[in-house]
Amino acid sequence: AVDPDTELFVPQQNLTIPGAFHAAPFSVPNEGYFVAVAVRQTQPPFSNGDYSAYDQASYIYKWDAGGEALVLYQTLGAGFKSVVEDGVPVAVQDGFCAPACTPVGTGGARPTDLLRGTTSFAPFEFQGETYLVAAQSVCEPWWSSTECAAFGAQPKSAILQFDRTSRMFGELRVLTHSDSEAGRGRPLSDTEDTHPDLTAALRINAGRAVKFQHLQFAGNTFLLVCSLTRGLVLYPWHFE
């Protein structure tokens, strides 16, 4: 708001969030207005391979119309995992997941807690579902490609989905209502909509990701990522 006496803008609210790197406002139908805050790091790394500097929780705030303020709605904490990008040497993979390198699932991925190096968020809506893409990257923003390569490997970037039952963001639903209606002629049942086996973590190779953007043109849907190591990469937003 503008102070009529000084004719200057005055803050509506001040949120103290150490390490806040990016904020993305968005809305969820029938839920309200939100802001996703990416926390990338709270200190510089002590040395090459010090990934702990980038292991931070990020936050989602919701607008409280009555209090006219943003209130903490969800913490994206240790329940969300990061994995190393594909194609890096085994020794570098070991450094990425150390000290707890336990394989999970049939693919042998060795996840670490938290969305490592969350650099920005890109929310978007598609076919009635709300998604949140976390661009993830490590090493200092001003470091060269050579310095960053010496530091270690990059995490894959995460794509989350708003769950209408929990009213929180979680991993992707394997089958959405629109998919069910298109393939089976009916929406998901209540049991299907809440079944834990119908969720799966989606992480994509984006290198030193800075920002994602959801695009629709010529009847096609894409995710565009700006990456300091891979340039501009266009991924089709389509599932078999």
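## Contacts of Leu-160

Contact here means heavy atoms within 4.5 Å. The model is predicted. Leaving aside neighbours within four places in sequence, Leu-160 is in contact with Leu-76, Phe-80, Leu-115, Thr-130, Tyr-131, Leu-132, Phe-169, Gly-170, Glu-171, Leu-172 and Arg-203. Two of these partners, Leu-132 and Phe-169, return in the next section, where they are listed with Leu-160 among the residues with the most contacts inside the largest nonpolar core.

## Nonpolar cores

The largest nonpolar core has 17 residues. Inside this core, the residues with the most contacts are Phe-26, Ile-60, Phe-121, Leu-132, Leu-160 and Phe-169. Two or more residues each come from E3, E4, strand E10 (129-136) and strand E11 (157-163).

Another core lies apart from the largest one and has 16 residues. Among its members are Val-133, Ala-206, Phe-212 and Trp-237.

## The four-stranded sheet

An open sheet is built from 4 strands in the order E3-E4-E5-E6, with antiparallel pairing. Strand E3 (20-28) and strand E6 (69-76) stand at its edges. Each of these two has a single partner strand, so one side of each is left without a neighbour in the sheet. From one strand to the next, the twist averages 25°.

E3 and strand E4 (residues 32-39) run antiparallel and are joined by 8 bridges. In this pair, Ala-24 stands opposite Ala-36 in E4.

## The three-stranded sheet

A further open sheet has 3 strands in the order E16-E17-E18, and its pairing is antiparallel. Strand E16 (209-217) and strand E18 (231-236) are the edge strands, each pairing on one side only. The twist in this sheet averages 25° from one strand to the next.

E16 is joined to strand E17 (residues 220-227) by 8 bridges, and the two run antiparallel. Phe-212 stands opposite Val-225 in E17. Phe-212 is also one of the residues of the 16-residue core.

## Disulfides and cysteines

A disulfide is a covalent bond between the sulfur atoms of two cysteines. The count for this model comes to 2 disulfides. With bonded cysteines counted along the chain, the pattern is 1-2, 3-4.

Cys-97 has 3% relative accessibility, so Cys-97 counts as buried. Cys-101 has 28% relative accessibility, so Cys-101 counts as partly exposed.

The other disulfide joins Cys-139 to Cys-148, with an S to S distance of 1.9 Å. Here the angle about the S-S bond is -95° and the link is left-handed. Both Cys-139 and Cys-148 are buried. A further cysteine, Cys-226, has 34% relative accessibility and therefore counts as partly exposed.

Definitions and conventions
Residues are numbered from 1 along each chain as its sequence is written. This is a predicted model: local features need pLDDT of at least 70, side-chain atom pairs count only at pLDDT 80 or more; totals for chains, interfaces and linings use all residues. Side-chain values use heavy atoms; hydrogens and water are left out. Two strands pair if DSSP finds at least two bridges between them. Axes are lines fitted to C-alpha atoms, for helices over the stretch in contact, and angles run from 0 to 180 degrees between N-to-C directions. A disulfide is a pair of cysteine sulfur atoms within 2.5 Å. Buried means under 20% relative accessible area, exposed over 50%, partly exposed in between (1.4 Å probe, protein chains only). A nonpolar core is a set of buried Ala, Val, Leu, Ile, Met, Phe, Trp, Tyr and Cys residues joined through side-chain atoms within 4.5 Å.
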